Amino acid sequence: LIPAADSGSGNWDKASGVLYNQAVNAFNAALPVLGAYEINDTIVLWQQGERDSQAVNGTNVTGAIYQAKQEALVDNLDADLSTGLDEFRMSTVGYMTAGVDADWDEIRTAQEDAMDAKAKGTVAFDRAEFFISEGKMNPDGLHYNQTGLNEMGTGLGD
């Protein structure tokens, strides 16, 4: 999310990240293709923050900066999606390795605070922090395995 945490794969900042504009443009371009189908609700399911957690440095990557960027993302999507935004459902980050890591806690708190600050935002899934101890991680220690992904998807969808 934070441009300073971008490891080369892009970020979600409206002003400087390619991911934001690609996603918004793809969404808006898809609507005419749907033709007669009526869009009743526009709900974004969001799981992101691992790169930000890895990059926390107390200066240009902090929980406070992440929170501000997350709040701006919700507002920007509401303005730029041609249907507007009805709901933004967040899955908070887990941990990369076993044990408690203060940087990941800092980003998770920022995610929770950002969703509390946005009327259209909600933390819909907050169990990823337990995935390591529950065996729901891939061997790389960063990505969720299929069991974890299924649980997160169900939590976000419910």
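Modeller: One definition comes first: angles under 35 degrees count as roughly parallel. Please also bear in mind that this is a predicted model.

Biologist: How are α1 and α3 oriented to each other?

Modeller: Helix α1 (residues 18–33) packs with α3 at an angle of about 30°, and their axes are 11 Å apart. Angles under 35 degrees count as roughly parallel. The orientation of α1 and α3 is therefore roughly parallel.

Biologist: Which residues of α3 make the contact with α1, and how does the contact divide by class?

Modeller: The crossing of α1 and α3 is right-handed. From α1, the contact draws on Tyr20, Val24 and Asn28, and from α3 on Leu73, Asn76, Leu77 and Asp80. By class, the residues of the contact of α1 with α3 are four nonpolar, two polar and one charged.

Biologist: At what angle do the axes of α3 and α4 cross, and with what hand?

Modeller: The axes of helix α3 (residues 63–80) and helix α4 (residues 102–117) come within 8 Å. The residues that meet include Tyr66, Gln70 and Val74 in α3 and Ile107, Ala110 and Ala114 in α4. By class, this contact of α3 with α4 has seven nonpolar, four polar and three charged residues. The axes cross at roughly 35°, and the crossing is right-handed.

Biologist: Which strands stand at the edges of the sheet?

Modeller: The open sheet has three strands in the order β1-β2-β3, with parallel pairing. β1 (43–47) and β3 each have a single partner strand, so one side of each is left without a neighbour in the sheet. The strands at the edges are β1 and β3.

Biologist: Which residue in β3 is the bridge partner of Met90?

Modeller: Strand β2 (residues 87–91) and β3 run parallel and are joined by four bridges. In β3, the bridge partner of Met90 is Val123.

Biologist: Which strands does α5 touch, and what angle does its direction make with that of β3?

Modeller: Helix α5 (residues 146–157) packs on the sheet, touching β1, β2 and β3. The direction of α5 makes an angle with that of β3 of about 140°.

Biologist: Where in the chain is confidence lowest, and where is it highest?

Modeller: The protein chain averages a pLDDT of 93, and 98% of the residues score at least 70. Confidence is lowest in helix α2 (residues 50–55), at a mean of 91, and highest in strand β3 (residues 121–125), at 98.

Key:
Residues numbered from 1 in each chain as written. Predicted model: local features only at pLDDT ≥ 70, side-chain atom pairs only at ≥ 80, totals over all residues. Heavy atoms only, no water. Axes fitted to C-alpha atoms, helices over the stretch in contact; angles between N-to-C directions. Helix = DSSP H or I, 4+ residues; strand = E, 2+ residues; numbered from the N terminus. Left-handed = near helix turned anticlockwise from the far one by under 90°. Contact = heavy atoms within 4.5 Å. Nonpolar A, V, L, I, M, F, W, Y, C, P; charged D, E, K, R; others polar. Parallel < 35°, antiparallel > 145°, perpendicular 65-115°, else oblique. pLDDT = per-residue confidence, 0-100. Pairing = 2+ DSSP bridges.
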